[in-house]
Amino acid sequence: MANHSRHQEKIIKNYYKNRDAIALQKSQELVTELFLSEGKKRESVWKRLAGHLEKAGLPADRVAYLQEKDDPTLVANELAKLT
């Protein structure tokens, strides 16, 4: 593994410390995109969104349920509960 400078180590440490908050923000951005997308674009948004939702702390079975329902409003409500 490569040696990192103190500055780089601090950036890496802060990233992992705030990983859930970053995932939550990305999820919120993707919900907006989900409202506006259709077809194959919507499928790709769901793939990215599912990953971010799990990183934000949502259980995998709940993510699968939301993906099955394909309703951005339900996802937005779940994200509101996480904040």
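The model is a predicted one. The protein chain contains five helices and zero strands, and its pattern along the sequence reads α-α-α-α-α. With a radius of gyration of 15 Å, well over the 12 Å that the globule rule gives for 83 residues, the protein chain is more spread out than a compact globule.

**Overall form**

- Taken along the principal axes, the box filled by the C-alpha atoms of the protein chain is roughly 45 × 25 × 20 Å.
- Of the 83 residues in the protein chain, 25% are buried.
- When contacts between residues at least 6 apart in sequence are considered, 51% of them join residues at least 24 apart.

**Packing of H2 with H5**

- Helix H2 spans residues 19–36 and helix H5 spans residues 72–82; the two pack at an angle of about 160°, and their axes are 10 Å apart.
- Because angles over 145 degrees count as roughly antiparallel, H2 is described as roughly antiparallel to H5.
- The crossing in which H2 passes H5 is left-handed.
- On the H2 side, the contact involves Leu24, Ser27, Gln28, Val31, Leu34 and Phe35.
- These residues meet Pro72, Thr73, Val75, Ala76, Leu79 and Leu82 on the H5 side.
- Sorted by class, the contact of H2 with H5 comprises nine nonpolar residues, three polar residues and no charged residues.

**Packing of H1 with H2**

- Helix H1, formed by residues 6–17, packs with H2 at an angle of about 65°, with the two axes 4 Å apart.
- Tyr15, Tyr16 and Lys17 of H1 make this contact with Arg19, Asp20 and Ile22 of H2.
- The contact of H1 with H2 divides into three nonpolar and three charged residues, with no polar residues.

- Serine 37 is located in the loop between H2 and helix H3, the latter covering residues 39–56.
- Serine 37 counts as buried because its relative accessibility is 6%, and the cut-off for buried is under 20%.
- Leaving aside residues up to four places away in sequence, serine 37 touches Arg42 and Val45.

Technical notes: Residues numbered from 1 in each chain as written. Predicted model: local features only at pLDDT ≥ 70, side-chain atom pairs only at ≥ 80, totals over all residues. Heavy atoms only, no water. Axes fitted to C-alpha atoms, helices over the stretch in contact; angles between N-to-C directions. Parallel < 35°, antiparallel > 145°, perpendicular 65-115°, else oblique. Left-handed = near helix turned anticlockwise from the far one by under 90°. Contact = heavy atoms within 4.5 Å. Nonpolar A, V, L, I, M, F, W, Y, C, P; charged D, E, K, R; others polar. Buried < 20%, exposed > 50% of the residue type's maximum accessible area, 1.4 Å probe, protein only. Rg over C-alpha atoms; globule rule 2.2 N^0.38 Å.
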